[in-house]
Structures are given as C-alpha cells and as structure tokens.
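Please read it alongside the sequence and the model.

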Amino acid sequence: MKNENEEKDLSFLGHLEELRWRLVRSSIVILIAAVILFYFTDPIVQKLYINMSSTSFPTYQFFCILSEKLHISDALCANDIPIQIQSIEMTKQFSTNMYFALIGGLIISFPFTFFQIWSFIKPGLKPEELKATKWIVFNASLLFFLGILFGYFLISPLCVQFFGGYKLTEQIQNNFTISSYMSMITTSTFLSGLFFELPIIMYILAKIGILGADILKKYRKHSLVAILILSALITPPDVISQLIVSFPIYALYEFGIIIVKRVEKKRLNELN
C-alpha cells in the first residue's frame, strides 16, 4: 500500500514537473516574441495603432465603398476622427509599450503555447479521442487568428471611430492618453481572438461529457441575450455595431452545437 502511494506521489510530481517545463517553454517563446515587438515599437505603433485614427484605414474605406454600393450616400463613411494622443505620466509610455509587446507576444506564440498545453493533456486521452482531436492545434490557432483579425479590423476601428469622435459638447476636446488608446485596441483585439475559441471549448467539454447539445439548445435564447450584452460592452452603443459583432459570435455558438452533436452521435455509434 505504501509503495502504491509513493508511486502515485511520484507520478503526480512528475506531471507537475512536466507542466512546469511546458509553461517555462511557452513563457520563453512569448518573451522572445515580446522583445522583438518591443524592438520594432515605432513602426508597429505607427502602422497598427496610429493609422487606425485616420480615415484612410482599410476598414473605414471598405464601409465607405459599401455605402456607395448600397446607394445610401456616405452614411457608413467614417468622419474625421479628431484624436490627439498624449502621455501625461512619466512611466506611462514605457508601461504601455511593455503591455502591447507582451500581449502581442502572446498572440504570436499562441500556436506554440496551445500545443504545449495540449501536449500535456494528450497522454490522458484514449486512442479514438486522440484521432478525433488530431487537428485541434491547427483549428484552435486558425480560429484564434480569425478572431484577432475580426477584432483588429472591425471591433477596434468601430470603437476608435465612435469614441474618438464623441463629444459631450464642442468645447471639450478629445485628448486621449496613449495608454487608453492603445489598451482599447490591444484588449479588444485579444479578447476577440479568445471569443473565437468558443467552438474549441465546446468541443472539449463535449468530449469530456460535461456539455451536451440538448443543454446548448435549451439555453440558446439565454446565450443570444448574453452575446448581445457582451457585444454592447465591447462595441460602441449603436445597434449596427452591436449586430455586426453579435452575428459572428452567435454563428460560432451555432457551429459549436453542430460540433457537439457530432461528438454525441459518434459516442452513441461506439456504444452500439
């Protein structure tokens, strides 16, 4: 009995050691990517952040062209965004630089980080489960980067355009701090990437047996309300922006239901 307990303890400690080293590897890759981004701060800030405050940004041009195609004059065209960016704290530019570099490093290294986490989980899976999750690292990375593009080219520009041009009165000018401007873009972009992982999370929970299609269908209306509330929190307070953001997220939810159904159907076939 004593030997069995010792083996379990050793096995548990061995798993912890493996997890530790996988997290260390992931951290090293994230830091390397962050250092590279930190080194190229000036062109990144100019091209990825400052350019978003200009009406020449691709998203604004696309909506303007769409407005013309729909024959609604310039209803969807971006107005001038009167943004002046400043730094009013001694260390704020440096801390903001560190923040965007670390989040950027996490975004770039996502496939490697996810691979490390999945490699730790994978030995506990059955052969048929391993076969079913063969492409999970690729699929998770693809969805994550699609979410990043969605956040950067849709959610962030909508927020910049609305909040950048919003004024209580013409006597008050918008002089934003560099931290608030860059943090809004960085955070909304990163969170969009995480939101797009919804089908992967649903798939894993279905494989474990925690989540079922019946539950997802039962709470479909509740999920739609939650998505609308979430969209209202991360987008400007206008209906069009909220619907533009809500539709893809809800589509991912429905896609997740289809995936969960397939998992359940396959489990029933195996039992029969």
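## Helix H4

Helices here are DSSP runs of H or I with at least four residues, strands are runs of E with at least two, and both are numbered from the N terminus. The buried residues of H4 include Thr96, Asn97, Phe100 and Ala101, and also Ile103, Gly104, Gly105 and Ile107, where buried means under 20% relative accessible area, exposed means over 50%, and partly exposed lies in between (1.4 Å probe, protein chains only).

## Basis of the model and overall layout

This is a predicted model, in which local features need pLDDT of at least 70 and side-chain atom pairs count only at pLDDT 80 or more, whereas totals for chains, interfaces and linings use all residues. Residues are numbered from 1 along each chain as its sequence is written, and side-chain values use heavy atoms, with hydrogens and water left out.

The chain contains 12 helices and 2 strands, and from the N terminus on its elements run α-α-α-β-α-α-α-α-β-α-α-α-α-α. Of the 272 residues in the chain, 36% are buried. Among contacts (heavy atoms within 4.5 Å) with a separation of 6 or more, 81% are between residues 24 or more positions apart.

## Helix H8 and its surroundings

Helix H8 (residues 178-195) is made of 18 residues and reaches 26 Å from its first C-alpha to its last, close to the 26 Å expected at 1.5 Å a residue. Its buried residues are Ile178, Ser179, Tyr181, Met182, Ile185, Thr186, Ser188, Thr189, Phe190, Ser192 and Gly193.

Helix H3 (residues 58-69) has 12 residues, and the 16 Å from its first C-alpha to its last is close to the 16 Å expected at 1.5 Å a residue. Thr59, Tyr60, Phe63 and Ser67 are the buried residues of H3. Seen down the axis of H3, these buried residues fall within an arc of 100°, so they line one face of the helix; the arc is that of the directions from the helix axis to the C-beta atoms. An α-helix has 3.6 residues a turn, so residues three or four places apart point the same way.

On the other side of H3, Phe62, Glu68 and Lys69 are exposed. The residue His71 follows H3 and has a positive phi, near 60°.

## Salt bridges

The structure holds 3 salt bridges, each defined by a side-chain nitrogen of Lys or Arg within 4 Å of a carboxyl oxygen of Asp or Glu. In one of them, the side chains of Glu17 and Arg20 meet at 2.9 Å, N to O; the two residues are 3 residues apart in helix H1 (residues 2-39), and therefore separated by about one helical turn. Glu17 is partly exposed at 37% relative accessibility, and Arg20 is partly exposed at 42%. Glu18 forms a salt bridge with Arg22, with the closest N and O atoms 3.2 Å apart, and this pair, 4 residues apart in H1, is also separated by about one helical turn. Here Glu18 is partly exposed, at 27%, whereas Arg22 is buried, at 17%.

Glu254 and Arg220 form a salt bridge in which the closest N and O atoms are 2.8 Å apart. Because Glu254 lies in helix H12 (residues 239-271) and Arg220 in helix H11 (residues 220-234), the pair ties together parts that are 34 residues apart in sequence. Glu254 is partly exposed, with a relative accessible area of 22%, and Arg220 is partly exposed, at 27%.

Helix H12 also holds Ser246, which is buried, with a relative accessible area of 6%. Not counting residues up to four places away in sequence, Ser246 touches Ile227, Leu228 and Ser231.

## The surface

The accessible surface of the chain comes to about 17000 Å², of which 67% belongs to carbon and sulfur atoms; such areas come from the Shrake-Rupley method with a 1.4 Å probe, and for residues only the protein chains shown count as cover.

A nonpolar surface patch is formed by Trp135, Phe138, Leu142, Leu146, Leu149 and Phe153, which together have about 630 Å² of accessible area. Patches are made of residues with over 30% relative accessible area and no salt bridge, with like charges joined within 9 Å and nonpolar side chains (Val, Leu, Ile, Met, Phe, Trp, Tyr) within 5 Å. Leu142 is found in helix H7 (residues 136-165) and is partly exposed, with a relative accessible area of 41%.

Terms used
Expected span 1.5 Å × (residues − 1).
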